[in-house]
Amino acid sequence: CESTSSHGTSWTVVSPITFTYTVTQTHDLLNPNNDTLLMGHIRDPERLEAFRSNTKPIKRFVVMDETVYNLYGSQVTDYLEARNVSYRILPLPTTEENKSMDTVLKILEELHRFGIARRTEPVIAIGGGVCLDIVGLAASLYRRRTPYIRVPTTLLSYIDASVGAKTGVNFADCKNKLGTYIAPVAAFLDRAFIQSLPRRHISNGLAEMLKMALMKHKGLFELLETKGRFLLDSKFQSTTGLRGKADPASVSTRLAIETMLEELAPNLWEDDLDRLVDFGHLISPELEMKVLPCLLHGEAVNIDMAYMVYVSCERGLLTEVEKLRIINCMLRLELPVWHQDFTFALLQKALSDRLQHSGGLVRMPLPTGLGRAIFNDTCDNTLYSAYEKWCDELSSGSKE
Ligand SMILES: NC(=O)c1ccc[n+]([C@@H]2O[C@H](COP(=O)([O-])OP(=O)(O)OC[C@H]3O[C@@H](n4cnc5c(N)ncnc54)[C@H](O)[C@@H]3O)[C@@H](O)[C@H]2O)c1
Ligand SMILES: [Zn+2]
């Protein structure tokens, strides 16, 4: 709409932007008979038909985490060869230390050299959360927005990093300081990748699952309490005869994704500051970057959650019994619950940073009982007494 004043004319533009994307749980993703990797992002039946009848070779640019490439590269190559795809696979060491603009630019140079049709040939990222975040950012920059597909290969990225819209890299020693909110066209999830993941990384992913359980779903919490160790031991692979409804791996991943999507979908650009998914993410970015590479993302998140559980207890939002149940569950999932570098000064710095960027209120998500939460601010005295109790009770048993 147009308005004119003595200073000039201005036009106000309101342009709602809609993102539509698909999150698909599948199996045998790399079996050449499975169409998902090449066509799973196409929702319109007419476009799909046109795609199937097209005789020209399909073109795909694929970025893979280097470790994942060593494990699954030949399967991906065989798949693309069998489907007569014209492809380029770019393996990269996508570690937290390399989660930078340099890596984004490297991808962009290779992508540009290879050449893709910007609207119809999505870039494919195959790897953990780091790989998916970096490639997502590269794709969202190339020609202002190139479609991309996420194929998560870690538990953490399976239930978390692949289902939302955020992309990003670290910058100026700050976690995910540069990034975009551009959703992938699709995320294809196959639990088979998780079987080669080291045990510590399974625990790491379980931390994000526990986050959703504590914030939103008591049933998921109880499942983690009773079956968490089994999930860790079995690496989320379904045992024979257990596929489907009664299988803890299927049930827990499904609940984690559903609760996550319920939170993310109405708030894809995070305009609403009341975000349950921020639980465990108030102090942890500061801690994670400070001790890099000692703590994995989920481990830092868990330490933050463990402290917040003490804050909740101190404020009477959780009973002592509930607090112990949560901490014991974390320990059984082999997650750290305390860290020496999580000092009170670090906590204050992280919270004051948040205050600056969240309209003057910290609005920290805090569990109230199991599977429910509120958003609230907490005074320094309570934060400190919770901190003291947390250190008293948990510091001695923790590895540093
Ligand atoms: N975009 C989002 O919404 C979002 C959400 C949560 C986390 N993240 C980001 O995700 C990152 C953490 O992700 P991550 O935990 O997946 O870490 P990661 O990507 O570093 O992967 C963990 C390790 O596992 C290896 N690996 C990956 N798949 C494997 C497999 N199938 N078998 C054996 N090894 C394998 C990798 O090489 C790496 O060494 C953080 O940078 C975090 O900021 C993003
Ligand atoms: Zn996280």
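Trainee: Which residues in H7 meet H11?
Mentor: On the H7 side they are Asn204, Gly205, Ala207, Glu208 and Lys211. They meet His297, Gly298, Glu299, Val301, Asn302 and Met305 in H11. Keep in mind that this is a predicted model.
Trainee: Okay. How do the residues of that contact of H7 with H11 divide by class?
Mentor: There are three nonpolar, five polar and three charged residues.
Trainee: And at what angle do H7 and H11 pack?
Mentor: Helix H7, residues 199-216, and helix H11, residues 297-314, pack at about 40°, and their axes are 7 Å apart. That angle makes H7 oblique to H11. As for handedness, H7 passes H11 in a left-handed crossing.
Trainee: Why do you give me both an angle and a distance?
Mentor: Because two packed helices are described by the angle between their axes and the distance between the axes.
Trainee: Where does H12 come in, and how does it pack with H8?
Mentor: Helix H8 spans residues 218-234 and helix H12 spans 320-332; they pack at about 15°, axes 9 Å apart. That makes H8 roughly parallel to H12, and the crossing of the two is left-handed. In that contact, H8 uses Leu224, Glu225, Gly228 and Arg229, while H12 uses Arg325, Cys329 and Arg332. The classes there are two nonpolar, one polar and four charged.
Trainee: Switching topic: how many residues surround ligand 1?
Mentor: There are 29, and the closest are Thr67, Gly128, Gly129, Val130 and Thr154.
Trainee: What does UniProt list for residues 92-203?
Mentor: The unreviewed UniProt entry lists them as "domain: 3-dehydroquinate synthase N-terminal". In the model, that stretch is 35% helix and 21% strand, and its end C-alpha atoms are 24 Å apart.
Trainee: Last one, on the backbone. Where is the cis peptide bond?
Mentor: It joins Leu292 and Pro293, with omega about 5°. Pro293 sits in the loop between helix H10 (284-291) and H11. Asn84 deserves a look too: its phi is near 55°, a positive value in a residue other than glycine. You'll find Asn84 in the loop between H3 and strand S5 (86-92).
Trainee: Why point those two out?
Mentor: Because most residues other than glycine have a negative phi, and most peptide bonds are trans.

Conventions. Residues are numbered from 1 along each chain as its sequence is written. Chains are lettered from A and ligands numbered from 1 in the order in which they are written. This is a predicted model: local features need pLDDT of at least 70, side-chain atom pairs count only at pLDDT 80 or more; totals for chains, interfaces and linings use all residues. UniProt positions are given in the numbering used here, feature names are shortened, and annotations may be inferred rather than shown by experiment. Helices (H or I, at least four residues) and strands (E, at least two) are DSSP runs, numbered from the N terminus. Axes are lines fitted to C-alpha atoms, for helices over the stretch in contact, and angles run from 0 to 180 degrees between N-to-C directions. Angles under 35 degrees count as roughly parallel, over 145 as roughly antiparallel, 65 to 115 as roughly perpendicular and the rest as oblique. A crossing is left-handed if the near helix is turned anticlockwise from the far one by less than a right angle, and right-handed if clockwise. Two residues are in contact if their C-beta atoms, placed from the backbone, lie within 7 Å. Ala, Val, Leu, Ile, Met, Phe, Trp, Tyr, Cys and Pro count as nonpolar, Asp, Glu, Lys and Arg as charged, and the others, Gly among them, as polar. A residue is near a molecule or strand if its C-beta atom, placed from the backbone, lies within 6 Å of it.
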